[in-house]
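The following exercises concern the structure shown below. Each begins with a task and is followed by a worked solution.

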Amino acid sequence: MRATVDRAGLDPQGRLPKVQIRRVRKGDLSKVRDVMEQTFGDFLERQLGTRPRQAFGGAQYVHHRWLMEPWGCFVAEEDSSKIVGAALAVTWGTVGVLGPVAVLTNYHNQTIGQQLIRAAQDFFDENKATLHGCVTYPTSPKHLYLYHKFGYRPKHLTAVMSRTIDRGGARVPASPKPGKTPLTARRFSTLEEAKKKAALARIHRITNAICRGMDLAKEIEIVDGLALGDTVLLERGRDLIGFAICHTPGVSEAPAGALYVKFLAIDPPHRKAEHLEQFVATIEGFGQELGVQRVILPVYARYWTAYNILVQCGYQIDFTMVRMQRGKPEDYEDPADLVLDDWR
Ligand SMILES: CC(C)(COP(=O)(O)OP(=O)(O)OC[C@H]1O[C@@H](n2cnc3c(N)ncnc32)[C@H](O)[C@@H]1OP(=O)(O)O)[C@@H](O)C(=O)NCCC(=O)NCCS
C-alpha cells in the first residue's frame with residue numbers, strides 16, 4: 001500500500017484525480033492567470049535554464065479574452081475545487097485561434113491538455129470556424145505530437161520582432177510626394193459611435209480580402225472598450241489604407257515598456273512597401289508619445305514581403321514560434337500581402 005502521495009495529481013490511493021472541463025467563470029479569472037503564469041514559468045525555466053520573473057513579461061491574456069469570448073475559455077478542474085489547466089480560444093469570424101493552453105506541470109501527460117483542446121475545437125465547430133490555428137514551440141516533440149493528434153499541421157514560423165524606440169530611435173514618416181494626398185493616421189477611440197461601426201465594416205472588408213470570412217471586430221472593440229491600447233487607422237483622403245490593433249502596457253497583451261501590435265493589415269489593393277514603412281513609423285511615433293521603449297511587431301514568415309520590410313526597418317527577432325493550422329482555407333496567405341498577425 002502507498003504510504004504517501006509520491007506525485008501531485010495522484011490521490012493517496014494512486015488513482016488519477018477526477019478532472020472536469022468546464023467554461024471559465026468570472027470568479028476563476030485570477031486563478032486561471034496564476035495557472036498560466038506558473039505553467040509557462042516552469043516550461044520556460046526548463047527551456048532557458050533560468051526562471052523568468054514573469055512568464056509573459058507583464059503581458060496579460062486572461063481577463064480581456066474572457067470578456068471578449070467567454071464561451072471560448074475553458075478550465076480543467078480537479079475534484080470540483082482546484083483549477084489545474086486552462087485553454088483560451090477566440091473566433092475571428094471563420095478563423096478560430098487557440099491559445100494559450102496550459103496544464104500545471106504536475107498534471108502533465110494525463111490527457112488534460114487534450115480534453116481542453118477538444119473543448120476549444122467543439123467551440124470552433126459550434127461557431128462555424130473553418131480554419132483553426134495556434135502557435136507552438138517548433139523544437140518540442142510533445143507539442144507537435146499533441147497538435148498533430150487534432151489534425152494541426154506545422155506551417156511557417158512566426159517571428160516576434162521588436163525595435164528600440166527610446167533614445168530618439170523612432171523613424172519619422174516620409175513626407176508625401178508633391179501633389180499626392182498625404183497618408184494620415186486616426187485613432188479608432190476618437191471616432192463617434194456611429195463612425196466606429198462604419199470603420200469596423202471597412203476593416204472587415206480588408207480582412208475578408210486577406211482571408212475570406214476573417215473578422216477582427218471583437219479584438220478592436222475589446223481594445224477600445226477596455227482601453228487596452230487603440231486601433232490606428234491609416235488613411236489617404238477618404239480611403240482606409242490599413243489598420244493596426246495596438247496594445248499598450250498595463251492590463252493588455254503588451255509586455256511592460258512595449259507597444260505591441262496584435263494585428264496589422266494593409267488593404268491588398270494598396271499593398272505598397274512604402275505604406276507599411278510609413279505605418280510602422282506612425283506606430284513608433286505613437287509609442288514615443290506613450291513613453292514606451294520598444295515596439296513589438298509579430299510577423300508570419302509566409303508574409304515574406306512584410307518580413308523583409310520589417311528587417312529593413314531595423315526590427316530584430318526576439319523569438320520564433322511555429323504556426324499550426326487545420327481546416328480550410330489551407331494556405332490562404334498571399335506572400336505579398338502586408339499583414340502582421342499574432343496567433344498567440
Ligand atoms: C502542452 C500542454 C498543455 C499539454 O498538456 P498535457 O495535459 O500534458 O497533454 P496531454 O496529456 O493531453 O497530451 C500529451 C501527449 O503528448 C505525449 N507526449 C508527452 N511527451 C512527449 C514527447 N516527448 N514526444 C512525443 N509525445 C509526447 C503524451 O504521451 C500525450 O499523448 P497520448 O495521450 O497520446 O499518450 C502542457 O504540456 C503544458 O501546459 N505545457 C506548458 C505550456 C505550453 O507549452 N502550452 C502550450 C503552448 S502552445
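**Exercise 1. The surroundings of W343**

Identify the residues that W343 contacts, leaving aside its neighbours within four places in sequence, and decide whether W343 is buried or exposed in this predicted model.

Solution. Step 1: once neighbours within four places in sequence are set aside, the contacts of W343 are V97, G133, C134, V135, T158 and R323.
Step 1: W343 itself is located in the segment after strand 13 (339-341).
Step 2: the threshold for a buried residue is 20 or more other C-beta atoms within 10 Å. W343 has 22 C-beta neighbours inside 10 Å and therefore counts as buried.
Step 3: for F188, the separation from W343 is 155 residues in sequence and 22 Å in space, C-alpha to C-alpha.

**Exercise 2. The geometry of helix 1**

Step 1: the buried residues of helix 1 are V32, V35, M36 and T39.
Step 2: an α-helix has 3.6 residues a turn, so residues three or four places apart point the same way.
Step 3: S30 and L48, on the other side of helix 1, are exposed.
Step 4: the packing partners of the buried residues are helix 2 (62-68), strand 2 (73-78), strand 3 (82-92) and strand 4 (95-103).
Step 5: after helix 1 comes G49, with a positive phi near 90°.

**Exercise 3. The ligand shell**

Describe the composition of the shell around the ligand.

Solution. Step 1: the ligand is surrounded by 22 residues, of which H108, G113, Q114, P141 and K142 are the closest.
Step 1: two or more residues of the shell come from each of helix 1, strand 4, helix 3 (112-126), strand 5 (131-136) and helix 4 (141-149).
Step 2: sorted by class, the shell holds eleven nonpolar, ten polar and one charged residues.

**Exercise 4. The chain as a whole**

Step 1: the C-alpha trace spans about 85 × 45 × 35 Å along its principal axes.
Step 2: of the 344 residues, 42% count as buried.

Methods. Residues numbered from 1 in each chain as written. Predicted model: local features only at pLDDT ≥ 70, side-chain atom pairs only at ≥ 80, totals over all residues. Buried ≥ 20, exposed ≤ 12 C-beta atoms within 10 Å, placed from the backbone. Helix = DSSP H or I, 4+ residues; strand = E, 2+ residues; numbered from the N terminus. Contact = placed C-beta atoms within 7 Å. Near = placed C-beta within 6 Å. Nonpolar A, V, L, I, M, F, W, Y, C, P; charged D, E, K, R; others polar.
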